[in-house]
Amino acid sequence: MPGAGTDSTKPWIAGGPVVILVEPQLGENVGSAARAMGNFGLSRLRVVNPREGWPNEKARIFCAGADRILEDAQLFPDLRSALADVSYAVATTARERGMAKPVNGADMVAQDAVVRLKAGEDVALVFGRERTGLYTEEVSLCDSILTLPVNPAFASLNLATAVAVTAYEWSKAATGNALPFAMPERSPPADRVDLFAFFDHLERELEEAAFFRSPEKAPSTTRNIRNIFHRCELTKQDLATLHGMITALVEGREGREQRKAERNAKAAAKRNPASSTDIGAAGEGGAEG
C-alpha cells in the first residue's frame with residue numbers, strides 16, 4: 001500500500017554513491033536502509049554476507065515500497081570484493097581508529113561525492129554491522145572516514161538511521177538543497193483603499209457592538225487594531241475573508257438562516273417558473289370573484 005508522500009506518477013530518482021552494508025544482522029535493517037536510500041535518491045545497494053541470507057523476506061517488508069532497490073542489490077562474500085571496482089570508499093564509524101585518514105561529517109562527504117561522481121569516479125559509502133560496526137581491518141580498506149556529531153556517551157546509531165542521515169546529506173548536496181515544493185503564490189497585496197474600507201467596516205461594527213467602552217481610549221484602541229492588521233501584510237483574499245467574517249458575526253445564526261432561505265426560494269423559482277405564474281393567476285381569479 002502506498003504511504004504518505006508516495007507518488008508513482010513522478011520519476012524515480014536513482015544513482016548516487018554505492019551503499020555497502022557489511023554483514024548486516026537483521027533483514028529489517030536492510031529493508032529500512034533501502035527505504036531510506038529510496039527516500040533520498042540513492043539506488044545502488046551492495047550487501048556483504050548478510051547473516052540471515054539473501055533474498056530476505058523481512059527486508060522486503062521493511063523496505064516499504066523500495067522493492068526495486070532490493071531487487072537490484074548485489075551480494076558479495078566480503079568487503080574486498082564489494083570494493084573491487086570502486087574508485088573511492090568512505091568508511092562510516094563512530095569510533096576513532098588511530099588511522100591517518102581524512103575524517104569528515106556526512107555533509108562534507110556528500111559534497112565530495114558529488115564532485116567525484118561528476119568526474120567519473122565511483123564512490124562507496126560503507127556501513128558496518130549493527131552490533132560491532134566495521135572492523136579496523138575493513139576501515140583500512142577505505143580512503144576516508146565518515147563520522148557524525150553524536151552523543152559521545154551514546155554514539156551507536158541504528159544501521160538504517162545511519163544510512164538515512166548520510167543519504168539525506170547526499171540528497172541536499174546533489175540537489176543544491178532544493179525542496180520538493182514551496183508555498184503557493186499568495187493573492188496580490190491589498191490596495192490601500194481596500195484596506196481603509198476594511199478598517200471602516202470593522203470599526204463601524206465594533207462601535208455598533210459597544211466595543212469601545214471608554215470614549216477617551218477609543219482612538220488609541222483603534223490605532224492598535226489597525227497596526228495589528230498592518231503587520232499582517234494582508235492580501236486581497238485576506239480582506240475578502242475578513243469582511244465575510246465580520247458580516248457573519250453581525251448577522252448571527254438567524255441572519256444566516258434567513259439569507260439561506262431566500263437563496264433557496266430564488267433557486268426554486270428559477271427551477272419551476274410555471275408554478276410561480278400559476279399561483280399568481282389563481283390569486284387574480286380569486287380577487288375577481
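**Salt bridges and a helix contact in the predicted model**

At 33% relative accessibility, lysine 236 counts as partly exposed, since this value falls between the 20% below which a residue is called buried and the 50% above which a residue is called exposed.

Lysine 236 takes part in a salt bridge with aspartate 194, in which the nitrogen and oxygen lie 3.7 Å apart. Because lysine 236 belongs to helix H10 and aspartate 194 to helix H8, this pair ties together parts of the chain that are 42 residues apart in sequence. Aspartate 194, with a relative accessibility of 33%, is likewise classed as partly exposed.

Lysine 236 also forms a salt bridge with aspartate 191, where the closest N and O atoms are 2.8 Å apart. This second pair links distant parts of the chain, 45 residues apart, with lysine 236 in helix H10 (residues 236–271) and aspartate 191 in the loop between helix H7 (159–175) and helix H8 (192–208). For aspartate 191 the relative accessibility is 39%, and this residue too counts as partly exposed.

Side chains of opposite charge can pair when their charged atoms come close. Across the model, the count of salt bridges comes to 13. One of these joins the side chains of lysine 58 and glutamate 28, with a nitrogen-to-oxygen distance of 3.8 Å. Lysine 58 lies in helix H2 (residues 57–62) and glutamate 28 in helix H1 (residues 27–39), so that parts of the chain 30 residues apart in sequence are tied together by the pair. Lysine 58 has a relative accessibility of 41% and counts as partly exposed. Elsewhere, salt bridges link Glu23, Arg129 and Glu138 into a network.

The axes of H8 and H9 (residues 218–231) come within 11 Å of each other and cross at roughly 135 degrees. Angles over 145 degrees would count as roughly antiparallel and those from 65 to 115 degrees as roughly perpendicular, and the two helices are therefore oblique to each other. The crossing of H8 past H9 is right-handed. On the H8 side, the contact is made by Arg192, Leu195, Phe198, Phe199, Leu202, Glu203 and Leu206, which meet Thr222, Ile225, Arg226, Phe229 and His230 of H9. Taken by residue class, this contact between H8 and H9 comprises 7 nonpolar, 2 polar and 3 charged residues.

Terms used: Residues are numbered from 1 along each chain as its sequence is written. This is a predicted model: local features need pLDDT of at least 70, side-chain atom pairs count only at pLDDT 80 or more; totals for chains, interfaces and linings use all residues. Side-chain values use heavy atoms; hydrogens and water are left out. A salt bridge is a side-chain nitrogen of Lys or Arg within 4 Å of a carboxyl oxygen of Asp or Glu. Helices (H or I, at least four residues) and strands (E, at least two) are DSSP runs, numbered from the N terminus. Buried means under 20% relative accessible area, exposed over 50%, partly exposed in between (1.4 Å probe, protein chains only). Axes are lines fitted to C-alpha atoms, for helices over the stretch in contact, and angles run from 0 to 180 degrees between N-to-C directions. Angles under 35 degrees count as roughly parallel, over 145 as roughly antiparallel, 65 to 115 as roughly perpendicular and the rest as oblique. A crossing is left-handed if the near helix is turned anticlockwise from the far one by less than a right angle, and right-handed if clockwise. Contact means heavy atoms within 4.5 Å. Ala, Val, Leu, Ile, Met, Phe, Trp, Tyr, Cys and Pro count as nonpolar, Asp, Glu, Lys and Arg as charged, and the others, Gly among them, as polar.
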